[in-house]
Amino acid sequence: MKDLLTIDDLGAAGIEEIMVTADSFAEVCRRPVPKVPALRGKTVVSMFFEDSTRTRNSFDTAAKRLSADTMNFSASASSVSKGESLRDTVETIEAMGVDAIIVRHKSSGAPQQVANWATASVINAGDGWHAHPTQALVDAYTIRQEGRSFDGLTIAIVGDISHSRVARSNIEAFGELGAEVTLVAPPTLLPSHAEKLGAKVSYDLDSVIGDTDVLYLLRMQRERMDQALVPSLGEYHRSFGLTPERARRLPAGSLIMHPGPMNRGIEISPEVIADPRVRVLNQVSNGVPVRMAVLYLVLGSAAQDRSAA
Amino acid sequence: MTGSGALHILRGGTVIDQSGTRRADVSWQHGRIAEVAESIDPPIGSEILDASDAIVLAGLVDLHAHLREPGREEAETIETGARGGALGGYTALVAMPNTTPAIDCPSVVRDVLAMAVGVACEVIPSAAMTVQRKGELLTPMGELAAMGVRIFTDDGDGVQDPALMRRIMEYATGLANSTGGQPVVLAQHCEVAALSAGGYMHEGEWSSRLGIGGQPTEAETLMIVRDIVLARRTGAHVHFQHVSTAEGIDLVRQAKSEGLNVTCEVTTHHFTLTDAACASYDPVFKVHPPLRTDADVAAIKAGLVDGTVDAIATDHAPHEPHTKEAPFDQAPPGMLGLESAISLALTELDLPIERIAALLSWQPASIAGIDDRHGRPIAPGEPANLCVLDPNERWTISGAAMASRSQNSPYEGREVRGRIRHTIFNGEATVLAGEATQ
């Protein structure tokens with residue numbers, strides 16, 4: 001697999017391979033010296049055209065634990081601010097000799113374009129509203145840790161679906177694994193033809209919550225109020241937020257997840273954050289082993305053998 | 001090619017014009033057709049062009065071409081645009097006014113006309129409806145019409161303010177009906193900016209999947225509805241540019257059946273491509289109005305068949321290559337069209353060549369007010385503005401091979417049927433055996 005741009009690039013078999021590989025890297029991460037030489041001599045550059053501490057650090061740590069050399073490129077500090085085009089930036093980085101480029105960009109499709117121009121492998125760390133495949137893999141891994149089968153698992157994704165790359169990748173991943181996904185949002189926050197994305201749609205969280213095995217909350221951005229998509233964040237919270245009352249109606253064995261960072265009082269009431277069903281910290285700590293698995297699958301010796309064959 | 005004093009003869013072709021189809025040779029001299037007869041004996045000193053197995057048509061007329069000059073000569077100049085037009089069989093191009101400066105006053109019109117002297121097509125400047133196309137103040141339409149400007153458009157944008165659009169229509173109607181009246185055509189780029197804001201492709205299943213902001217159908221149809229209502233009140237001739245939606249075609253059909261003086265054009269890309277093409281995120285497929293769905297393509301084709309659509313235009317929109325290598329949302333919208341239009345029409349439309357010629361030649365000529373010299377019947381005395389189409393030649397479209405300074409054709413690698421062999425403009429060959437002569 002040369003590039004990882006969307007979950008579709010993996011399929012169910014690819015997702016499973018990453019899950020199993022992440023298990024062994026999770027063990028590595030628990031060692032006193034959490035490092036293996038698997039990617040020694042490889043150079044991995046993070047090209048982040050959009051701010052992100054969490055994902056960038058997660059990838060950086062993952063690369064280093066595999067003994068790869070890392071380079072960091074952030075748009076504001078670079079010549080992009082001097083007017084260098086995306087293609088020129090990619091070709092300049094490639095000229096320095098890199099094996100993998102991890103791209104985060106505010107424009108949907110940018111990693112695909114980078115992959116068209118680059119010979120290095122490209123990993124999508126989040127593009128616009130389109131895809132965030134490693135987040136979906138982390139989320140799938142987190143659910144898998146609980147030991148429940150995905151087959152028939154009911155997952156409700158709540159929030160600003162139309163602008164969410166996390167939602168799109170999760171719909172693909174969870175669907176691929178056999179779960180039943182329902183998107184919960186007001187019509188203004190749902191993309192056109194939402195049902196065609198492969199999930200059910202509901203405008204009413206209260207009718208769905210009693211049957212939900214995994215409640216996945218998306219971040220609600222404050223700008224959406226100004227764009228006439230929701231009347232106010234207060235109304236959003238009352239209708240779609242995980243309040244203590246809704247938390248009581250959510251089944252006892254369910255999981256509560258969020259890609260972070262959480263907006264207290266909007267997606268989730270502050271009192272609910274301490275609920276034992278919340279798995280947000282697991283999602284964060286799973287980030288490194290899952291990303292190690294991704295890097296290993298794209299750049300490791302097995303990948304080299306495959307491309308040489 | 002010797003001077004226009006010599007007699008020129010197109011031999012062996014089939015002539016198709018408004019009056020029908022016939023096997024005939026065509027001769028011309030001093031820029032005018034001399035004879036159209038089944039076999040013309042070439043006198044000594046005449047120039048003979050081979051039209052065997054080919055079709056002789058009136059030169060094509062494009063109602064919608066962006067020639068970028070003045071202001072964006074790196075993307076295209078009037079000269080390079082006209083050369084591309086000639087290679088596509090065109091003898092007249094209506095130049096859109098979204099140049100820098102905009103064509104919104106007599107001096108810029110004069111400038112464009114001066115730059116168009118000696119190029120391979122007749123360039124017909126259109127002028128903006130509003131000063132600098134800002135959508136606020138009227139341009140001096142009377143003065144511009146007196147100079148010969150016939151088509152007024154803020155193309156690139158539609159006029160957003162309904163009260164202003166009403167006044168533009170009323171004023172235009174006054175011009176049309178005054179002594180020595182100049183009929184004017186108000187050509188509208190129908191796009192309600194408030195609805196299309198943040199949209200870079202068609203709002204639909206594909207935009208949802210790709211995570212790209214969409215322009216809904218209603219951004220176009222609401223303005224068509226508005227202008228039909230206003231046209232009903234004012235009697236203005238409104239020409240709807242690049243209609244891209246099934247609903248838009250229906251609205252025009254209804255308006256015409258009511259007897260309103262409205263016309264419309266569609267572009268080649270809107271009946272040959274859909275929004276699915278954007279899946280590659282290649283900005284070569286980015287255009288306003290955007291590529292839409294299969295249902296919209298089908299409706300446009302139906303409109304071409306039943307006469308709802310008056311003309312096929314190209315909306316030829318060159319952009320420097322590096323600008324189309326930006327992320328999809330950031331890249332400028334628009335595609336090349338002049339060199340591939342007739343081939344795509346022939347390959348993709350289930351229409352006889354007579355109908356295709358009408359849509360590409362005499363019907364647009366009439367809307368542009370140049371049907372005294374373009375899109376004429378092929379008969380003695382008429383101006384020699386012709387093109388020769390080999391309907392069977394297959395070729396592969398390549399943006400890099402085009403005469404344009406830019407390369408942004410969405411048809412890269414596509415095989416089509418039908419190629420222009422010769423183009424004759426004012427009796428001079430601008431294209432000979434598929435090559436531009438200047």
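## Lining of the second largest cavity

In this predicted model, the residues lining the second largest cavity comprise six nonpolar, three polar and two charged. Here Ala, Val, Leu, Ile, Met, Phe, Trp, Tyr, Cys and Pro count as nonpolar, Asp, Glu, Lys and Arg as charged, and the others, Gly among them, as polar. A cavity is a set of points, on a 1 Å grid over the protein atoms alone, where a 1.4 Å probe fits but cannot get out; lining residues have an atom within 4 Å of a point.

The lining includes Arg373(B), His374(B), Gly375(B), Arg376(B), Pro377(B) and Ile378(B). Its volume is about 30 Å³, taken as the space filled by probe spheres set on the points, with grid points joined across faces, edges and corners.

## Largest cavity

Two cavities of 30 Å³ or more are counted. The largest has a volume of about 40 Å³.

## Arg246(A)

Arg246(A) belongs to helix 10 of chain A, residues 244-249; helices are DSSP runs (H or I, at least four residues) numbered from the N terminus. Arg246(A) counts as buried because its relative accessibility is 5%, buried meaning under 20% relative accessible area (1.4 Å probe, protein chains only).

Beyond neighbours within four places in sequence, Arg246(A) is in contact with residues including Leu205(A), Asp206(A), His237(A) and Phe240(A), contact meaning heavy atoms within 4.5 Å.

## Conventions

Residues are numbered from 1 along each chain as its sequence is written, and chains are lettered from A in the order in which they are written. Local features need pLDDT of at least 70, side-chain atom pairs count only at pLDDT 80 or more, and totals for chains, interfaces and linings use all residues, while side-chain values use heavy atoms, with hydrogens and water left out.

How values were computed:
1 Å grid on protein atoms, 1.4 Å probe; cavity = no way out; pocket = protein on both sides within 12 Å on 5 of 7 lines; lining within 4 Å. Helix = DSSP H or I, 4+ residues; strand = E, 2+ residues; numbered from the N terminus. Buried < 20%, exposed > 50% of the residue type's maximum accessible area, 1.4 Å probe, protein only.
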